[in-house]
Structures are given as structure tokens and as C-alpha cells.
Amino acid sequence: MRGFLPILCLPVLALPAWVLGASVPEVAPLPVQGVIPQAGRVSVLVELFTYKACTICAAAGEPVAHIATEAAIPGVEVIGIEMRMDSWSAQGFRDPFALSQMTNRQNEYLRLFKLDNLFTPQMVIGGQSQLAGPDVEQAKDEIARAAQS
């Protein structure tokens, strides 16, 4: 009887799905029409490691936003993300958006770039170079270099 019970339950479970019309669509969805924006551009990821208690971190995001909007590099799409790290939580600073994964990622860059200490703000461009602080021209140069490699 135990093996028989699941077989009896199958029609009971399938009936509501059939009544409600749950099925595989008969027609495939239409393809996207028109030109896809940003075609032919190279994407460069810019990671900005920050922390809530860092007084200069707010200004560090301005170069990324400026390059992505007003001072665009021809043929390059800048994808800027803020990485809120939790490494300062032990000192009593609490950042509700900080994640240990971001601190772990920055530690990997610490090893990659052979740096002595974690610091904020730190801008990592294309995983290939890093900058300390908000320097628009230097960031543009590094983003253009990352786009070519």
C-alpha cells in the first residue's frame, strides 16, 4: 500500500495544473527586434572597494560615474560596482551593506597586486590594475588599457 499511495496522488496533483491551463507554450517567444544598445563596445569592470566609515570613499565613486557618463571612452562600456567590505567591523564600525565576500575579494587583489594592507577606497580596473583614490585621468588611462587587453 505504501508504494501505491504516491501513484494515487499523482492525478490529484496534476489535475489542478491541467484545469488552470499550465502547459508548455505552443509558440516560441518572439526575438528581440531592433538594434541592441552598446553593440561593439568592450565592457570593463571597475570595482570600487569602500566602507561606510571611510570619509573619502564617497568621493571615490565620482570618477567612475564621470567616466561612465560624461567622459566616456570611445568603444568602452564602464561597469562600475561598489564593493562594501566588512573588514572594519571588528573596530566597531557597522555597515549594513558590507559583506565578508567583498573583503575576501579585496584580499585576493591584495595578494595579486602584492600589497601590504587592505585600504579604502581602492579601485580595481578589469582585475588587472588598482588605484588608490579618485583620480579621473589615471582611471581613464587604466580603463582604456584594460579594454585593449
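This is a predicted model: local features need pLDDT of at least 70, side-chain atom pairs count only at pLDDT 80 or more; totals for chains, interfaces and linings use all residues.
Glu47 is buried, with a relative accessible area of 1%, where buried means under 20% relative accessible area, exposed means over 50%, and partly exposed lies in between (1.4 Å probe, protein chains only). Residues are numbered from 1 along each chain as its sequence is written, and side-chain values use heavy atoms, with hydrogens and water left out.

Glu47 forms a salt bridge with Arg105, in which the closest N and O atoms are 2.3 Å apart; a salt bridge is a side-chain nitrogen of Lys or Arg within 4 Å of a carboxyl oxygen of Asp or Glu. The pair links distant parts of the chain, since Glu47 belongs to strand 1 and Arg105 to helix 3, 58 residues apart. Helices (H or I, at least four residues) and strands (E, at least two) are DSSP runs, numbered from the N terminus. In contrast to the buried Glu47, Arg105 counts as partly exposed, at 36% relative accessibility. Side chains of opposite charge can pair when their charged atoms come close.

The structure holds four salt bridges. Another of them joins Glu108 and Arg111, with 2.6 Å from N to O. These two residues are three residues apart in helix 3, and therefore separated by about one helical turn. Glu108 is partly exposed at 47% relative accessibility, whereas Arg111 is exposed at 52%. A further salt bridge is formed by Glu82 and Arg84, whose closest N and O atoms are 3.8 Å apart. Glu82 is partly exposed at 48% relative accessibility, while Arg84 is buried, with a relative accessible area of 18%.

Helix 3 covers residues 100–112 and has 13 residues. From its first C-alpha to its last, helix 3 reaches 18 Å, close to the 18 Å expected at 1.5 Å a residue; the expected span is 1.5 Å times one less than the number of residues. The buried residues of helix 3 are Met102, Thr103, Gln106, Tyr109 and Leu110. Seen down the axis of helix 3, these residues fall within an arc of 115°, so they line one face of the helix. The arc is that of the directions from the helix axis to the C-beta atoms. The cover over the buried residues of helix 3 includes strand 1, strand 2 and strand 3, contact being defined as heavy atoms within 4.5 Å. Just after helix 3, Lys114 takes a positive phi of about 55°.

In helix 2 (residues 57–69), the buried residues are Cys57, Ala60, Pro63, Val64 and Ile67. Viewed down the axis of helix 2, they fall within an arc of 110°, so they line one face of the helix. The face turned away from this buried side carries the exposed residues Ala58, Glu62 and Thr69. Among the elements that cover the buried residues of helix 2 are strand 1 (42–50), strand 2 (76–84), strand 3 (122–125) and helix 4 (136–148).

Val42 is found in strand 1 and counts as partly exposed, at 36% relative accessibility. Not counting residues up to four places away in sequence, Val42 touches Gly75, Val76, Glu77 and Ala147. The C-alpha atoms of Val42 and Glu77 are separated by 5.9 Å, although the two are 35 residues apart along the chain.

Ile81 has its place in strand 2 and is partly exposed, with a relative accessible area of 34%. Together with Leu45 and Ile79, Ile81 makes a nonpolar surface patch of about 200 Å². Patches are made of residues with over 30% relative accessible area and no salt bridge; like charges are joined within 9 Å, and nonpolar side chains (Val, Leu, Ile, Met, Phe, Trp, Tyr) within 5 Å. Accessible areas come from the Shrake-Rupley method with a 1.4 Å probe, and for residues only the protein chains shown count as cover.

Taken as a whole, the protein chain has four helices and four strands, which run α-β-α-β-α-β-β-α from the N terminus on. Of its 149 residues, 29% are buried. Among contacts between residues at least 6 apart in sequence, 60% join residues at least 24 apart. The protein chain exposes about 10,400 Å², of which carbon and sulfur atoms supply 62%.
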